[in-house]
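Here's a quick briefing to read with the model open in your viewer. The sequence and structure come next, and the notes follow by topic.

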Amino acid sequence: MPSRESSPLTRRDWLRRCAAGGATLALGTGLYAWRVEPHWVEVTHHAMPFVGLPAALVGKRLVQISDLHVGPVVDNDYLRGVLRRLADLEPDYLAITGDFMTTRGDEEIDLTIETLREAPIADTPTVAVLGNHDYADNFRNAAVADRFADRLRDLGIRLLRNESIELDGLQVAGCDDLWARRADLFATLNQVELSRPTLCLSHNPDTVDLAGWTTFSGWVLSGHTHGGQCRFPLLGAPVLPIRNHRYARGHVRLSGGRNLYVNRGLGYSRRVRLGVRPEVTVFTLTTA
Ligand SMILES: [Fe+2]
């Protein structure tokens, strides 16, 4: 019986197969970046050491979320689901680092407040700062931000606008937003004793490069970048809304013994994420 020989692949066949493989890969990556990753939350765990932390605070859990962007772009059921599951992390404290909503005027305030009701705010001391988007479309609408701030406070959130409070012996300062031109670091840090354990919330991580930190040696929690939303091999994240690209995401050690943590956020400006999953950060307070 004569054997059937397969005909050798021509160069054109190879090119055709490569093109088909490339198109399939691109389509698969696109679908993943659109349908899967934007809602595939990663819970990350980190130690948060402070010199001189009161014994009663050692081992306490502080959970940070950021950049919810409640509004017409982010799937609201997704956000509500994430906020509902925060209680499972058994937080002792919650920190929210701004960009609660994406809004032109004040039309998203009601939905944002209703969405936040899913979070365990009533049972958990919650501190927060505003982000640039909380100042509405032009990032400068103080009237909208003030109205929103009142509603957040009614909900029980301790919103810090260049203010500080104390949580069981941990000083928590909150710097208002840099792009909204409301950040007053001097006023914020003037209210804390820099020799004591201090946490500072600031939506935009570029705040750490402002003058005025002096001897602050605590932690700064930020958001704003969404980690760039898309990161590519070799190229990194091509779109980062910050001056210092070291502050794209995660933990950064800074001068003066300061530590910065940039949360990748839960929401998105457009529904796409690649290599930068949305994040809930769980910090465990420890002594340094
Ligand atoms: Fe944001």
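A quick definition to begin with: rings of Phe, Tyr and Trp (its six-membered ring) count as a pair if their centres lie within 6.5 Å, with planes under 30 degrees apart called stacked, over 60 edge-to-face and the rest tilted. By that rule, a search of the whole structure turns up six aromatic pairs. Keep in mind that this is a predicted model, where local features need pLDDT of at least 70 and side-chain atom pairs count only at pLDDT 80 or more, while totals for chains, interfaces and linings use all residues. Residues are numbered from 1 along each chain as its sequence is written, and side-chain values use heavy atoms, with hydrogens and water left out.

**Aromatic rings**

- The rings of tyrosine 32 and tryptophan 40 have centres 6.4 Å apart and planes at 85°, so they make an edge-to-face pair.
- Tyrosine 32 is partly exposed at 26% relative accessible area, and tryptophan 40 is partly exposed too, at 42%; here buried means under 20%, exposed over 50%, and partly exposed in between (1.4 Å probe, protein chains only).
- Tryptophan 213 and phenylalanine 216 are also edge-to-face, because their ring centres are 5.0 Å apart and their planes sit at 65°.
- Both of those residues are buried: tryptophan 213 has 5% relative accessibility, and phenylalanine 216 has 1%.
- Trp219, Tyr261 and Phe283 form one aromatic cluster.

**Charges over rings**

- Arginine 277 lies over the face of tryptophan 40, at 3.7 Å from the ring centre; the test is NZ of Lys or CZ of Arg within 6 Å of the ring centre and within 35 degrees of the ring normal.
- Arginine 35 does likewise over the face of tryptophan 34, at 4.9 Å from the ring centre.

**The chain as a whole**

- The protein chain has five helices and 12 strands, taken as DSSP runs numbered from the N terminus (helices: H or I, at least four residues; strands: E, at least two).
- Its C-alpha atoms fill a box of roughly 90 × 45 × 35 Å along the principal axes.
- Of the 288 residues in the protein chain, 51% count as buried.
- Among contacts (heavy atoms within 4.5 Å) between residues at least 6 apart in sequence, 72% join residues at least 24 apart.
- In an unreviewed entry, UniProt lists residues 61-227 as "domain: Calcineurin-like phosphoesterase"; UniProt positions are in the numbering used here, feature names are shortened, and annotations may be inferred rather than shown by experiment.
- Over residues 61-227 the chain is 22% helix and 22% strand, with the end C-alpha atoms 23 Å apart.

**Helices 2 and 3**

- Helix 2 is mostly covered, with seven of its 10 residues buried; among them are Tyr78, Leu79 and Arg80.
- The buried residues of helix 2 pack against strand 2 (61-65), helix 3 and strand 12 (279-287).
- Aspartate 75 caps the N-terminal end of helix 2, with a side-chain oxygen 3.0 Å from the backbone nitrogen of aspartate 77.
- Which residues of helix 3 are buried? They are Ile109, Thr112, Ile113, Thr115 and Leu116.
- These cover an arc of only 160° around the axis, which puts them on the same side of helix 3; the arc is that of the directions from the helix axis to the C-beta atoms.
- An α-helix has 3.6 residues a turn, so residues three or four places apart point the same way.
- The cover over the buried residues of helix 3 includes helix 2 (76-85), strand 3 and helix 4 (142-154).

- Threonine 103 is in the loop between strand 3 (93-97) and helix 3 (109-116), and is buried at 4% relative accessible area.
- A polar atom of the threonine 103 side chain lies 3.4 Å from the backbone nitrogen of glutamate 108.
- Leaving aside neighbours within four places in sequence, threonine 103 contacts Glu108, His133, Ala136 and Asp137.
- Isoleucine 157 sits in the loop between helix 4 and strand 5 (158-159), buried at 3% relative accessible area.
- The C-alpha atoms of isoleucine 157 and leucine 94 are separated by 9.3 Å, although the two are 63 residues apart along the chain.
- Asparagine 204, in the loop between strand 8 (198-202) and strand 9 (219-222), is buried at 1% relative accessible area.

Technical notes. Polar contact = N/O pair within 3.5 Å; in protein donor to acceptor, adjacent residues only side chain to side chain.
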